[in-house]
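Try each task before reading its solution.

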Amino acid sequence: MRADNKTWQADQRVRLKLRRVIDLCVDGVARGAMPLQRAAQTMDGAGAPFEVVCRVLMPFKNGGAAPAGRASAPHPSVQHWNDVAAR
C-alpha cells in the first residue's frame, strides 16, 4: 500500500508542475511576452496533452495578447485541468 501512495504522490507532483508550466505559458502569451508557437512547444515539451495545448491557446490565435498600455490582461477562463488530471 505504501508503494501506491508514493506513486500517487509522484503523479500529483508531476501534474502540479505541468499545471504551473501551462499557467506560465498562458500568462506569457496573454501579456505578449511569449510567442504562441513557443508557448505551444514549451507545453508540449513539458508533456501537456495536445488537446490541452490547443484548448488553452485557441483564444490567442488571432492576436489575443494584452494591449501595450496594460500590465497584464486577464486570459479567458479555460477548463483544461480535468483533462490534465485525468492523464
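**Getting oriented**

The chain has four helices and zero strands, where helices (H or I, at least four residues) and strands (E, at least two) are DSSP runs numbered from the N terminus. Along the sequence the pattern reads α-α-α-α. This is a predicted model, in which local features need pLDDT of at least 70 and side-chain atom pairs count only at pLDDT 80 or more, while totals for chains, interfaces and linings use all residues. Residues are numbered from 1 along each chain as its sequence is written, and side-chain values use heavy atoms, with hydrogens and water left out.

**Exercise 1. Work out how helices H1 and H2 are oriented to each other, and which residues make their contact.**

Step 1: Two packed helices are described by the angle between their axes and the distance between the axes.

Step 2: The axes of H1 (residues 2–31) and H2 (residues 36–46) come within 10 Å and cross at roughly 180°. Axes here are lines fitted to C-alpha atoms, for helices over the stretch in contact, and angles run from 0 to 180 degrees between N-to-C directions.

Step 3: H1 and H2 are therefore roughly antiparallel, the term for angles over 145 degrees.

Step 4: H1 brings Leu18, Val21, Ile22, Cys25 and Val29 to the contact, and H2 brings Leu36, Ala39, Thr42, Met43 and Ala46. Contact means heavy atoms within 4.5 Å.

**Exercise 2. Find the residues with the most contacts inside the largest nonpolar core, and the elements that build it.**

Step 1: The core holds 15 residues, and Ile22, Ala39, Met43, Val56 and Leu57 have the most contacts inside it. Such a core is a set of buried Ala, Val, Leu, Ile, Met, Phe, Trp, Tyr and Cys residues joined through side-chain atoms within 4.5 Å.

Step 2: H1, H2 and helix H3 (50–57) each give two or more residues to this core, and H1 gives the most, with six.

Step 3: Leaving aside neighbours within four places in sequence, Met43 is in contact with Ile22, Cys25, Ala48, Val53, Val56 and Leu57.

**Exercise 3. Is aspartate 44 buried or exposed?**

Step 1: Locate aspartate 44 in helix H2.

Step 2: Its relative accessible area is 54%, so aspartate 44 is exposed; buried means under 20%, exposed over 50%, and partly exposed in between (1.4 Å probe, protein chains only).

How values were computed
Parallel < 35°, antiparallel > 145°, perpendicular 65-115°, else oblique.
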